[in-house]
Amino acid sequence: MVTAIILIKAKRTGISDVAQKMVNISGVSEVYSVSGSYDLVAIIRVKTNDDLAVLVTDQMRSIEGIENTETMLAFKAFSQHDLDAMFSVGM
């Protein structure tokens with residue numbers, strides 16, 4: 001499983017439209033509107049790097065309103081949920 005975080009700058013008037021279109025792409029698990037230098041953050045979970053490449057270079061490229069993106073690959077997940085599973089004694 002490949003997890004990536006995509007930071008998205010969108011046209012000011014199209015942020016909601018971009019977010020809705022992103023959510024409809026297979027492999028996009030969540031999209032957040034955020035404050036700061038970027039407008040949206042998308043969490044991607046796909047099977048392979050090739051699937052990620054198709055998502056970013058083919059599917060996202062067709063979305064009107066995206067001005068710029070930065071894609072970050074996740075190496076390891078740290079989560080309270082993971083810790084609970086590791087230390088669970090079956091309760």
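In strand β3, Ala 42 is the bridge partner of Ile 6. Helices (H or I, at least four residues) and strands (E, at least two) are DSSP runs, numbered from the N terminus. The model is predicted: local features need pLDDT of at least 70, side-chain atom pairs count only at pLDDT 80 or more, and totals for chains, interfaces and linings use all residues. Residues are numbered from 1 along each chain as its sequence is written, and side-chain values use heavy atoms, with hydrogens and water left out.

Strand β1 (residues 2-10) and strand β3 (residues 40-46) run antiparallel and are joined by seven bridges. Two strands count as paired if DSSP finds at least two bridges between them. Leu 7 stands opposite Val 41 in β3. β1 also pairs with strand β4 (residues 66-73), again in the antiparallel sense, over seven bridges. Here Ile 8 stands opposite Thr 69 of β4.

β2 and β3 pair over five bridges, in the antiparallel sense. Tyr 32 stands opposite Val 41 in β3. The hairpin of β2 and β3 has six residues between the strands. In this hairpin, Gly 36 takes a positive phi near 110°.

Together, the four strands form an open sheet in the order β2-β3-β1-β4, with antiparallel pairing. β2 and β4 stand at the edges with a single partner strand each, so one side of each is left without a neighbour in the sheet. From one strand to the next, the twist averages 20°. Helix α1 packs on the sheet and touches β1, β2, β3 and β4. The direction of α1 makes about 165° with that of β2. Axes are lines fitted to C-alpha atoms, for helices over the stretch in contact, and angles run from 0 to 180 degrees between N-to-C directions.

The chain as a whole has three helices and four strands. From the N terminus on, the elements run β-α-β-β-α-β-α. Contact means heavy atoms within 4.5 Å. Of the contacts with a separation of 6 or more, 68% are between residues 24 or more positions apart.

Of the 91 residues, 29% count as buried. The protein exposes about 6,600 Å², and carbon and sulfur atoms supply 53% of this area. Accessible areas come from the Shrake-Rupley method with a 1.4 Å probe; for residues, only the protein chains shown count as cover.

In helix α1 (residues 15-23), the buried residues are Val 18, Ala 19 and Met 22. Seen down the axis of α1, these buried residues fall within an arc of 100°, so they line one face of the helix. The arc is that of the directions from the helix axis to the C-beta atoms. The face turned away from the buried side carries the exposed residues Ser 16 and Gln 20. The buried residues of α1 pack against β1, β2 (28-33), β3 and β4.

Val 18 is buried, with a relative accessible area of 0%. Leaving out residues up to four places away in sequence, Val 18 touches Ile 8, Ala 10, Leu 40, Ile 63, Glu 64, Gly 65 and Ile 66. Val 18 and Ile 66 are 48 residues apart in sequence, yet their C-alpha atoms are 6.9 Å apart in space. Ala 19 counts as buried at 15% relative accessibility. Beyond its neighbours within four places in sequence, Ala 19 is in contact with Val 31 and Leu 40. Ala 19 and Val 31 are 12 residues apart along the chain, with 6.3 Å between their C-alpha atoms.

The largest nonpolar core has 19 residues. A nonpolar core is a set of buried Ala, Val, Leu, Ile, Met, Phe, Trp, Tyr and Cys residues joined through side-chain atoms within 4.5 Å. Ile 8, Met 22, Ile 44 and Leu 55 have the most contacts inside this core. β1, α1, β2, β3 and α2 (49-59) each give two or more residues to the core. β1 supplies the largest share, five residues. With neighbours within four places in sequence set aside, Leu 55 is in contact with Ile 6, Ile 25, Ser 26, Gly 27, Val 28, Ile 44, Val 46 and Met 60.

Technical notes: Buried means under 20% relative accessible area, exposed over 50%, partly exposed in between (1.4 Å probe, protein chains only).
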